[in-house]
Amino acid sequence: MNDLALRAARLSALPPSCGPVRLVAVDGHAGSGKSTFAGRLAAALGGAPVLHLDDLATHEELFAWTGRLREQVTGPLSRGEPARYAPYDWTARAFGPVRTLEPAPVVLIEGVGAGRRALRPLLARLLWMDLPADASWARGRRRDGPALRSFWDGWTAAETAHFAADPSRPWADALVQQSPEGYTWLEGPLRQRR
């Protein structure tokens, strides 16, 4: 069994944290590899659903999506019901057609701020992609190209303010680092080491 499969098995064995669901957050700086890692972890979990927080954020509310998350996703999942949310279209600047996210043994939530204070009581685990902000943002800027330079300038300021007010990393159950062989994990709880 590879290491990611072993980690997935351990996550699946945790007690449910949000109704019947084990809610696992993947947080970290923009550009740190959260989406890629969440996709690989979801595959190791046998196709676990992944909620991308970019679908709940908007240009006007980069981090003010907690109410939408609670109403459309965690509330229904906590009752064992399907979540229904309208993903934001970043090009059209409008919410699109409603998607359904069925309750599953493990549901992943990935995005900057996934480990925020308001969400932590519902999490079975909080994983932090451990790449420093400057390196993460440089990766993100390369990925998105010069057309999004001004967006990234605003984003980095907003992300810095968010984590100053509501840090996730100190509460992470594990730090996840990408390596040439896959991923390495530093297990927590990290908050007891500080």
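Residues are numbered from 1 along each chain as its sequence is written, and side-chain values use heavy atoms, with hydrogens and water left out. Because the model is predicted, local features need pLDDT of at least 70 and side-chain atom pairs count only at pLDDT 80 or more, while totals for chains, interfaces and linings use all residues.

With a salt bridge taken as a side-chain nitrogen of Lys or Arg within 4 Å of a carboxyl oxygen of Asp or Glu, the count comes to 10. One of them joins the side chains of E187 and R7, at 2.2 Å from N to O. This pair ties together distant parts of the chain, with E187 in strand β10 (residues 182-187) and R7 in helix α1 (residues 3-12), 180 residues apart. Helices (H or I, at least four residues) and strands (E, at least two) are DSSP runs numbered from the N terminus.

R169 is partly exposed, with a relative accessible area of 28%. The side chains of D144 and R143 form another salt bridge, with 2.9 Å from N to O. D144 is partly exposed at 26% relative accessibility, and R143 is exposed at 57%.

R143 and D144 lead on to the packing of α4 with α5, where both residues take part on the α4 side. Two packed helices are described by the angle between their axes and the distance between the axes. The axes of α4 and α5 come within 10 Å and cross at roughly 155 degrees; axes are lines fitted to C-alpha atoms, for helices over the stretch in contact, and angles run from 0 to 180 degrees between N-to-C directions. The two helices are therefore roughly antiparallel, given that angles under 35 degrees count as roughly parallel, over 145 as roughly antiparallel, 65 to 115 as roughly perpendicular and the rest as oblique. In terms of contacts (heavy atoms within 4.5 Å), W137, G140, R141, R143 and D144 of α4 meet R149, W152, D153, T156, E159 and T160 of α5. By class, this contact has 2 nonpolar, 3 polar and 6 charged residues, where Ala, Val, Leu, Ile, Met, Phe, Trp, Tyr, Cys and Pro are nonpolar, Asp, Glu, Lys and Arg charged, and the others, Gly among them, polar.

P76 is buried at 7% relative accessible area, and T74 is buried at 5%. Leaving aside neighbours within four places in sequence, T74 is in contact with C18, L23, L69, L119 and L122.

Terms used:
Buried < 20%, exposed > 50% of the residue type's maximum accessible area, 1.4 Å probe, protein only.
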